[in-house]
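Student: I would like a close look at a single part of this model. Please keep the answer to that part and its surroundings.

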Amino acid sequence: MLGKLWKHEWKSTWKVGGMLLLGLVLVSFFGWLSFQAPLWQAAANNTNYSSFGVWDLLSFGTLFMYVIMLIGLHYGIIIYMGVRFYKTMYTDEGYLTHTLPVSKHQILMSKILNSGVWMLLMEVGIFLSVMVLMLSMIGVFVEGHSWADLWNNVMENIDYVDELFMMVFGMRMSSYFWMLLVFSLVMPFCSITVLFGAISMGQLFAKHRVLMAIVSYVGIMIVANIISSTIQSIVSINQMSRQITDSSLVGGYMNVTMCITGIISLVEAAALYWISYYVTSKKLNME
Amino acid sequence: MGIVMNELVEIVGLTKAYDARHVAVNNITLTLPKGKIVGLLGPNGSGKTTLIKMLNGLLTPTQGSIMINGRYVGVESKAHVAYLPDRTYLSGNQKICEILDYFVDFYEDFSREKAEEMLRNLNIDPETKLKTLSKGNKEKVQLILVMSRNADLYVLDEPIAGVDPAARDYILRTIINNYNPDATVIISTHLIGDIEQVLDEVIFMRYGHLVLYTSVDNIREQHGKSVDAYFREVFAC
């Protein structure tokens, strides 16, 4: 039944999700276009540029809009999935959802998996968009060199970069990459589970359930940040007292931050999943 | 010879209190047999919809229990209960054929052929989006979905409220012609005169209490009145 639930979730969300991804492609195109203005060419050639014109102004405007739109798209998909969860679970559409002959775990998992996959797709899209923008920028500044030359250059120095990683992060580049990949894969699912949990917490109140869901979400975020910051501070102070002159301090701090954020997110997601399950199975009160 | 169990719904000490002062359903104990059409009757606020929601697992009882065909309300009972709520529970953005796909996937007892035939009789194109239909047709589509199931228990919450008399006739005809004869149908309404002729039994509710559970024949024989007239007498303001 989980497969069927997910199939119908996907069918109901692919249009909006696809439109948001299409929006990302358009935004990325305009981001790439912004680096084609004469100003950047002049900056790359290190020449004096006195004729700042409409195209340059548009370039700055487009770059600014690019950043705003990227943030908008990132939060847009989260808000869409949150609203859809609320609508299909706790409004009139919930009357159908909760009378299906499926378990609450299956309902919750289908929604978490579907929303998590969409968030992941958006995350990958944003990553690729930023890469396009960076390549567009690099393209301007390294004009005259082929991409193959650049690639060869990177590959020749890969050992040096690996050593640098070992020195700063205390691990090989490939290990760091895998850790980052796992982190990036898991985080969207954790974030959406927390959001769904907060929406479910709102249902525990007799009135103003949407408002209480928002208050719950903000509260969870604050508590998680306080716990995360406290643990991070303790670990960092401990590290600083032991290796104050060590060059791996920054890398160590980043590693610890990522690990702590990951662990707290997993614990938070597990707790909020349990709350969603508890509300839907033991405290469901459809108005 | 084995004993044939005739009980379909067993409600024991069922209570739903929203808070200390607002008790919507108060300590109801009731057993409904198979193969009956039961009218759930009572004025507004008597607890009919609350009771129906608890039968369908949409509300968690404060106390008491419900068993449907020997199973507590849950995944298994939901597979055998066809529920028509007092509101539109379908997404307006979906085409009717997509909603049929949905029901085919989740309800083993759903007959797509039966649903399509009923839609054809009403000249409703399955390729139409639900939001483009009139209010009356939306309600008819929901009823068709519910009545195309071969369920053990049909729970219909106010199926004829807010529709014109012609639509009422269609709805009642659809219910009578399509329900599984071994199943029980619970119809909640306050338009008693319109459905009286199809009822076998009635439940009267007031302020969350069960006032009366008896057969329609019994009311006619003992009180010499129609259900509608007797209801007006019992619930006279």
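Student: Which residue in β8(B) is the bridge partner of Val155(B)?

Tutor: The model is predicted: local features are reported only at pLDDT of at least 70 and side-chain atom pairs only at pLDDT 80 or more, while totals for chains, interfaces and linings use all residues. Residues are numbered from 1 along each chain as its sequence is written, with chains lettered from A and ligands numbered from 1 in the order in which they are written.

The bridge partner of Val155(B) in β8(B) is Ile186(B). Strands β7 (residues 153–157) and β8 (residues 184–189) of chain B pair in the parallel sense, over five bridges. Strands here are DSSP runs of E with at least two residues, helices are runs of H or I with at least four, and both are numbered from the N terminus. Two strands pair if DSSP finds at least two bridges between them.

Both strands belong to an open sheet of six in chain B, ordered β6-β7-β8-β3-β9-β10, with mixed pairing. From one strand to the next, the twist averages 15°. Helix α1 (residues 48–55) of chain B packs on this sheet and touches β3 (37–41), β7, β8 and β9 (201–206) of chain B. Contact requires C-beta atoms, placed from the backbone, within 7 Å. The direction of α1 of chain B makes about 145° with that of β7(B); axes are lines fitted to C-alpha atoms, for helices over the stretch in contact, and angles run from 0 to 180 degrees between N-to-C directions.

Conventions
Contact = placed C-beta atoms within 7 Å.
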